[in-house]
Amino acid sequence: MAATEIDVKYVAHLARLALTPDEEKKLGAQLGGILGYIEKLKALDVTGVEPTAHAMPMTNVTRPDEVRPSLPHADALRNAPHQANGLFIVPKIVE
């Protein structure tokens, strides 16, 4: 897609931007430059290159889930500032 085919006003409307005529010209030139780089990338031979989601390999650093006994009810309520009938009492928040 050439830079002349970009409808800058339409793109600005989609992005909810109000642009001045000078800004429209600048944005049109920038979008044209971006599309030029994309055309260069299309010319690359990527056969044999596996698709990736990240530039560096990502590993999950969390531990696997395992079933363990939970905190006893009395211990959970021990540091509660306010409690009643085995429940935490919290301030009422109404907006």
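Let's start with Lys-42. Its relative accessible area is 59%, so Lys-42 is exposed. Keep in mind that this is a predicted model.

Who is the partner of Lys-42? Glu-39 forms a salt bridge with Lys-42. The closest N and O atoms are 3.5 Å apart. Where do the two residues sit? Both Glu-39 and Lys-42 lie in helix 2. They are three residues apart, about one turn of the helix. Now, is Glu-39 exposed or partly exposed? Glu-39 has 37% relative accessibility, so Glu-39 counts as partly exposed.

How many salt bridges are there by this rule? The count comes to two. Here is the other pair. The side chains of Asp-75 and Arg-78 meet in a salt bridge. From N to O, the distance is 2.6 Å. Arg-78 is exposed, because its relative accessible area is 56%. Asp-75 reaches 31% relative accessibility, so Asp-75 counts as partly exposed.

Back to helix 2. This helix covers residues 21-42. Is Leu-41 buried or exposed? Leu-41 counts as exposed, because its relative accessibility is 56% and the cut-off for exposed is over 50%.

Terms used:
Residues numbered from 1 in each chain as written. Predicted model: local features only at pLDDT ≥ 70, side-chain atom pairs only at ≥ 80, totals over all residues. Heavy atoms only, no water. Helix = DSSP H or I, 4+ residues; strand = E, 2+ residues; numbered from the N terminus. Buried < 20%, exposed > 50% of the residue type's maximum accessible area, 1.4 Å probe, protein only. Salt bridge = Lys/Arg side-chain N within 4 Å of Asp/Glu carboxyl O.
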